[in-house]
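Morning, everyone. I have one structure to walk you through. Please look at the sequence and the model together.

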Amino acid sequence: MRKPLVAALFALAIAGAGAAPAVAAPAHEAGGTASAQKAASAAPALAAVDFAGTVELSNCSGSVVRLPGSVDSDPALVLSNGHCLETGFPAPGQVIVNKASSRTFGLLNSAGTRVATLQANKVVYSTMTDTDVTLYQLTRTYAQIKSSYGINALTLNNTRPAAGTSIKVVSGYWKRIYSCNVDGFVYRLKEGNWTWKDSLRYTSACDTIGGTSGSPVIDTATGRVVAVNNTGNEDGARCTVNNPCEVDASGNVTVRKGINYAQQTYQIPACFAAGNQLDLNRSGCTLPKP
């Protein structure tokens, strides 16, 4: 699980803090021709992905998020991992709902500069069963955050991403953006005592480290959040903490050393009613219940 580690600090020193996403070479450097330039101009514009709306936690990353049906007057939500919960890892099978919290979050602008401290008033939902997610409710609305700091929340997509999708993992903790693609999906991802369903696997370029837990995974074509970063196999061990293994529908186990994963978030919007109110009994809601 991608919480801060001494090894992560070392890895960051090697990789360079605040590394920016790769930038394509100019057309003249890439041997661009008139036809290539014409094709490029006809391609759909990609969403700008930066740090705006992401947050830093004391031990993880996260983001201010809204649902497709949220309105500006709704209390804002922060998305992170279940294993980033301030009270410790939820036990297998445990689901926490509507629990008081006064946790604070550092709100970042597009450049990754901390511009405000936001505060929660409750944990709306948290679990490490089937998925690895925590959602906090803030004391401010989306409109208040926008008015005070000029920052919009990121929107959760309510449809499943496809393999091959271009994505960025945006870490508020490290102020670092990773760029890669969705490599595929894992029937079951097992790590220690926890098992997650239908996990998203990155291509190798997203070599996330400790502290990136809870980072939003953003579809570069839409700018919407499709998953929340949560773990990776560090040492090549099998199904242990910090070394998750893939288990297919037949029970076959695969270990991919150095490969990292996220938990999909398209299921979340179906579990919320108007006003950003959690309702796990809504039709179509498949999140685990207490």
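Predicted model: local features only at pLDDT ≥ 70, side-chain atom pairs only at ≥ 80, totals over all residues.

One term before we start: two strands pair if DSSP finds at least two bridges between them.

Overview first. The chain has 290 residues, and 49% of them are buried. Its secondary structure comes to 3 helices and 18 strands. Take the contacts with a separation of 6 or more: residues 24 or more positions apart account for 67% of them. The accessible surface is about 12,100 Å². Carbon and sulfur atoms hold 52% of that surface.

Now strand β5. Find residues 104–108. How many residues of β5 are buried? The count is 4 of the 5, so the strand is largely enclosed by the rest of the structure.

Who pairs with β5? Start with strand β1, residues 54–56. β1 and β5 run antiparallel and are joined by 2 bridges.

Next, strand β6, residues 114–127. β5 and β6 are also antiparallel, and they pair over 5 bridges. Here L108 is bridged to R114 in β6. Together β5 and β6 form a hairpin, with 5 residues between the strands. Within that hairpin, G112 takes a positive phi near 90 degrees.

β13 covers 225–232 and β14 covers 245–247. C239 lies in that loop. C239 is not a glycine, yet its phi is positive, about 65 degrees. N242 sits in the loop between β13 and β14 as well. N242 is not a glycine either, and its phi is about 70 degrees, again positive.

Are these residues buried or exposed? The cut-off for buried is under 20% relative accessible area. C239 has 15%, so C239 counts as buried. N242 has 18%, so N242 counts as buried too.

Now another loop residue, N276. Look between β17, residues 272–273, and β18, residues 277–278. N276 has a relative accessible area of 2%, so N276 is buried.

What does the side chain of N276 reach? It reaches the backbone oxygen of P75, at 2.9 Å. There is a side-chain partner too. A polar contact of 3.0 Å links the side chains of N276 and Y142. Leave out residues up to four places away in sequence, and N276 touches L67, S70, D74, P75, L77 and Y142.

Last stop, T87. T87 is in the loop between β3, residues 75–80, and β4, residues 95–100. Is T87 buried or exposed? The cut-off for exposed is over 50%. T87 has 54% relative accessibility, so T87 counts as exposed. One distance to go with that: T87 and S101 are 14 residues apart along the chain, and their C-alpha atoms are separated by 9.8 Å.

Quick recap. β5 pairs with β1 and with β6. C239 and N242 carry positive phi without being glycines. N276 is buried, whereas T87 is exposed. That's the tour.

How values were computed: Residues numbered from 1 in each chain as written. Heavy atoms only, no water. Buried < 20%, exposed > 50% of the residue type's maximum accessible area, 1.4 Å probe, protein only. Polar contact = N/O pair within 3.5 Å; in protein donor to acceptor, adjacent residues only side chain to side chain. Contact = heavy atoms within 4.5 Å. Areas by Shrake-Rupley, 256 points an atom, 1.4 Å probe, with all protein chains shown as cover.
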